[in-house]
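Please open the structure in your viewer and keep the selection tool at hand.

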Amino acid sequence: MRVLLLVSAFNGLSQRVWCALKETGHDVGVLLATSPQDMIDGVRRARPDLILCPFLKDRVPAEVWRNWRTVIIHPGPVGDRGPSSLDWAIADGARRWGVTALQAVEEMDAGPIWATRTFSLPPAPPRKSSLYNGPVADAALECVAEVLVKAADPEFRPVPTDDMPTEVPGTKLRPLMRQDDRAFDWADSSESIVRRIRAADGAPGVRTELAGLEVFAYDAHFGPARVGKPGVIARRRQGAVLVGTGDGSVWLGHLRDAGRQINERGIKLPATHLLGKRLRDVPDSPLPPGVEPESPAAYRQIRYRRTGRVGWLHFDLYNGAMSTGHCRRLLAGLRHAAAQDTEVLVLRSGADAFSNGIHLNVIEAATDPAGAAWANIRAINEVCREIIRCTRQLVIAGYAGSAGAGGVMLGLGADVVAARSGIVLNPYYDMGLYGSELHTFTLPRRVGPEVAQRLIDDKLPISADRAAALGLVDEVGPRHPDAYADWLAALADGLSDPRAARARRSAKARRLAAERVPLDVYEMRELAEMSRDMWADRSGFAAARHAFVMKKRAESTPDRLRLTTAEAKPIARPRNRRPEIRPAVPVNA
């Protein structure tokens, strides 16, 4: 079937749908909703059998939905309508939610229903992005699969909304959630504050005041018992600030300058980065008094623990963005873990993201963006080098979340790459950057020079299963985060036999010693290219970075994503002018 994804952005859910349909044999393309006329013209050119809208904030033009079957994937159960479905569900403490596939009609979210799924929500407030990329995305994929089956049946007719049973009570048309609906007082309970901030996480955040500055708050975590007056910053730690509440405290990891007094462009940044000198009297404490290191209230982005012969280095960075400081802390954690007398070291991410490479927001906000970018890429390269050269333990890279660009390359030097099912990898560089992370060394050794070059040039997402088929990933574990954690633990335990692990480590050491071209040479070549991108801006890194950070809307759909017309030949994808990544000498087996 010829399927067109009509989307506001090619986001994580849209990429999962794209990968799933491609892998089941459908001809799939993407059309970005840049304007009503562009949508109409794009659909006319593509002539799809079916239009799916997994992420669409815009109204579908009548000329489109009247002439082509158009199905909207709405992140709410039957009966729910409106643009803030997940925000209301989290803020109201809903215990059950859902996803509905409905046909586009004149009235938004009111069309007949093709498919629906429901799922439970946890008692603790989930972060909106975690809910969207987890249970919502999983339910959406099931709905999409059902829609494709029904679309192939000429007898199928979608069911009017009024004829469908309502599985989640209280669903109705809800308005756009505004800041007045999100507002809280610092004297409120920690649970209430965290719930409201998490309901707005990603966007738009919740407006409040900290240290005399109007900000939008994001990335909220429960803190320890009462540490000070409500609304007063008591401590700072690893980029976050600890703020007193009515019954305890809350960690805030990221803020945005609402009044644009400090950052005129209002870029979302780590809290301590934004507040800067306003925190000069706030103690930078390893841990608040009385808080155990493993307590969730400790706020630790990077944690190490040991279980028998296996060491676990867990890192969970907001949106997978890794600033220079993040990279240095992760490097210190890696070196600590490698110094232990364990057989296996697992480098495992949080479920939201493995890594998306260097921190573009921090770079954009810097007084010297080129210098900040250069320091960031050098720091992340040190992490990659540590993984590649680790021969004291067998290293497993646990990709529990999706990854992009340098974040994909980050863990490829591990002995075993173990991905969670359902994640999406974007194993290429964009943003006007050649890329580094020692990918010219690791990527060809995993998939071969030709496939490596194709992945870099095509600039397309791949699923975990496809990555495993290519050799980019070694193992694919269960989708559910808890099941994946158990599976990963069993995998690590199975590889921790001292004799077998020692043999594998010795073989790796011999391979590294036999390399004819030193690792430093690969990095030097990458950095030579990156210097031209960062300092000379030869490929538009500054403009691309700015557009990404400021969330500027795309002006057109990239050719590589388009659905070609029935008569047209496949679009020729011009090669990136970057040098090829195949090594100068044969890759050692």
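In which loop is P204 found? Select P204: this residue is found in the loop between α7 (190-199) and β7 (206-210). Helices (H or I, at least four residues) and strands (E, at least two) are DSSP runs, numbered from the N terminus. Most peptide bonds are trans.

Two remarks on the model are needed before continuing. The model is predicted, so local features need pLDDT of at least 70 and side-chain atom pairs count only at pLDDT 80 or more, while totals for chains, interfaces and linings use all residues. Residues are numbered from 1 along each chain as its sequence is written, and side-chain values use heavy atoms, with hydrogens and water left out.

**The sheet**

Select the strands β1 to β6. Six strands form an open sheet of mixed pairing, in the order β2-β1-β3-β4-β5-β6. The edge strands, each of which pairs on one side only, are β2 (27-32) and β6 (113-120). From one strand to the next, the twist averages 20 degrees. Two strands pair if DSSP finds at least two bridges between them. Strands of a sheet pair through backbone hydrogen bonds, either parallel or antiparallel.

Within this sheet, select β1 (residues 2-7) and β3 (residues 50-53), which pair in the parallel sense over three bridges. L5 stands opposite L52 in β3. Axes are lines fitted to C-alpha atoms, for helices over the stretch in contact, and angles run from 0 to 180 degrees between N-to-C directions.

**Helices α9 and α11**

How far apart are the axes of α9 and α11? Select residues 324-338 for α9 and residues 369-389 for α11: their axes are 8 Å apart, and the helices pack at an angle of about 20 degrees. That angle makes α9 roughly parallel to α11, because angles under 35 degrees count as roughly parallel, over 145 as roughly antiparallel, 65 to 115 as roughly perpendicular and the rest as oblique. Residues of α9 in the contact include L330, L331 and L334, and those of α11 include A375, A379 and V383.

Move on to A339, in the loop between α9 and β15 (344-349). Is A339 buried or exposed? A339 is exposed, with a relative accessible area of 52%; buried means under 20% relative accessible area, exposed over 50%, and partly exposed in between (1.4 Å probe, protein chains only). Select R392 as well: A339 and R392 are 53 residues apart in sequence and 7.8 Å apart in space, C-alpha to C-alpha.

**Helices α13 and α14**

Select α13 (residues 439-447) together with α14, whose axis is 7 Å from that of α13, at an angle of about 120 degrees. That makes α13 oblique to α14. H439, L443, P444 and V447 in α13 meet P449, V451, A452, L455 and I456 in α14.

**Two lysines**

Select K459, in the loop between α14 (449-458) and β21 (462-463). K459 is buried, with a relative accessible area of 14%, and its phi is near 55 degrees, a positive value in a residue other than glycine. Finally, select K551, in the segment after α19 (541-549). Phi of K551 is near 55 degrees, but K551 is exposed, with a relative accessible area of 66%.

Conventions:
Contact means heavy atoms within 4.5 Å.
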